[in-house]
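Here is a briefing on a predicted model. Please read it beside the sequence and the structure.

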Amino acid sequence: MNKIISCKNLKKSFFIKNKTLNVLNDISFDIEKGETTSIVGESGSGKSTIANIIAGLLKPTSGNVFFENSSIFNNTSVDKASFDKASFNRTKIFRKNIQMIFQDPYLSLNPKMRILEIILEPLKIHEKFSKEKLLKLADEILEKVNLSVFIKNRFPHQLSGGQKQRVAIARAIILNPKFIILDEPLSSLDVSIGAGIINLLTDLQKNLDLTYLFISHDLKVIKYISDYVSVIYMGKFLEKAPTKKLFSNPLHPYTQALIDSSFTFRNNQTKILLNNETPSLLDPPKGCLFSTRCPFAKKICFDARPDLKEIEKDHFVACHLVKTALTSLGSSKTTSSSL
Ligand SMILES: Nc1ncnc2c1ncn2[C@@H]1O[C@H](COP(=O)(O)OP(=O)(O)OP(=O)(O)O)[C@@H](O)[C@H]1O
Ligand SMILES: [Mg+2]
């Protein structure tokens, strides 16, 4: 396997009124070249914080991100005011190769700029081209995202939501990046428009050899688009697995509940409904972060925080009960019914 991004032990804390908000708790994962890796979780679980850290827009409190084995944050931190020429060039390489597409295309596109200027803007920073070459490139890129070249002189407010998201995609791919972070790219769009954007993204991935980090709370889309899925809850991964394994054999009760809320059937299992509200990050449960909402929680779940452990090849779960089931059954095959 050939990993393009590696996140190692990312922690992010914000400090509010003498209290610490631990938004990310030891997040580690790799993203394989050419694949789509997804992160799914409820609102406030830390998905955008991970995205912003990988994009270099936010510094982690500790931990690091590696792009093709080079550290994004050592000496090249975007927060550091004075960095030398060499590290600046490396930052430029990261900025060219790592692009981000946001949830709301209207907010991410400058309303005062015409579409032509918007899609060419990254090129002006990174490359020096003649006017003719720029116009030719703009036409080519609009064609790649299935937009008419006639929209070039329009402003963002004159486009539909789907067209705006296509402009955001055009701007992201114009520098030929290797890796694109998609943070809830469909959630402001109608389902049918979103389906068109998904098809465009999968075509571009094939044609341009792109790797995606796809962030969403929509499991149906995640199941369709992803090769690998991580489930996040209160800033911690509770389960990570290749997509097929996660959906055919979800082991964490939280993953099971998420799947039950999106799909009708889950291997003839009784549906798991989530109890209670997500606790505040200012006062997280001492044991398993999910313990206050888990219908199976036992004493150990309230006492100790379970680590993410590899239960079967490439399938990681942070749940005391899955481990207990494995030990008691003495089997390497763990099923959700053993909970
Ligand atoms: N700058 C900040 N200062 C304080 N708290 C923050 C800051 N940025 C994010 N948070 C908090 O961190 C937590 C995670 O936020 P994040 O935006 O990463 O969640 P998310 O999973 O992307 O949610 P959503 O699905 O709503 O986009 C939230 O509780 C949020 O309030
Ligand atoms: Mg978000």
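- Strand β11 (residues 309-312) and strand β12 (residues 315-317) run antiparallel and are joined by 3 bridges. Strands are DSSP runs of E with at least two residues, helices are runs of H or I with at least four residues, and both are numbered from the N terminus. Two strands pair if DSSP finds at least two bridges between them.
- E312 has H315 in β12 as its bridge partner.
- The two strands, β11 and β12, form a hairpin with 2 residues between them. In the turn, D314 has a positive phi of about 65°.

**Basis of the model**

- The model is predicted: local features need pLDDT of at least 70, side-chain atom pairs count only at pLDDT 80 or more, and totals for chains, interfaces and linings use all residues.
- Residues are numbered from 1 along each chain as its sequence is written, chains are lettered from A and ligands numbered from 1 in the order in which they are written, and side-chain values use heavy atoms, with hydrogens and water left out.

- An open sheet has 4 strands in the order β2-β1-β4-β5, with antiparallel pairing.
- β2 (19-32) and β5 (70-71) stand at the edges with a single partner strand each, so one side of each has no neighbour in the sheet.
- Strand β4 (residues 62-67) pairs with β5 in the antiparallel sense over 2 bridges. F67 stands opposite S70 in β5.
- Helix α1 (residues 47-54) packs on the sheet and touches β1 (3-16), β2 and β4. Contact means heavy atoms within 4.5 Å.
- The direction of α1 makes about 65° with that of β2. Axes are lines fitted to C-alpha atoms, for helices over the stretch in contact, and angles run from 0 to 180 degrees between N-to-C directions.

**Helix α7**

- Helix α7 (residues 191-208) has 18 residues, which should span 26 Å at 1.5 Å a residue; its end C-alpha atoms are 25 Å apart, which agrees. The expected span is 1.5 Å times one less than the number of residues.
- G194, I197, I198, L200, L201, L204 and Q205 are the buried residues of α7. They cover an arc of only 165° around the axis, so they lie on the same side of α7. The arc is that of the directions from the helix axis to the C-beta atoms.
- Buried means under 20% relative accessible area, exposed over 50%, and partly exposed in between (1.4 Å probe, protein chains only).
- S192, K206 and N207 are exposed on the other side of α7.
- The cover over the buried residues of α7 includes β3 (36-40), α5 (131-144), α6 (161-173), β7 (179-183), β8 (211-216) and α8 (219-225).

**Helix α6**

- In α6, 11 of the 13 residues are buried, so α6 is largely enclosed by the rest of the structure. Among them are K164, R166 and R171.
- The 13 residues of α6 should span 18 Å at 1.5 Å a residue, and the end C-alpha atoms are 19 Å apart, which agrees.

**G235**

- G235 lies in the loop between β9 (228-233) and β10 (236-242). At 0% relative accessibility, G235 counts as buried.
- N25 is 210 residues from G235 in sequence, yet 5.4 Å away in space, C-alpha to C-alpha.
- Leaving out residues up to four places away in sequence, G235 touches V23, L24, N25, I27 and S45.

**Cysteines**

- The whole structure holds 0 disulfides, a disulfide being a pair of cysteine sulfur atoms within 2.5 Å.
- C288 is in no disulfide; its nearest cysteine sulfur, that of C301, is 6.3 Å away. C288 counts as buried at 8% relative accessibility.
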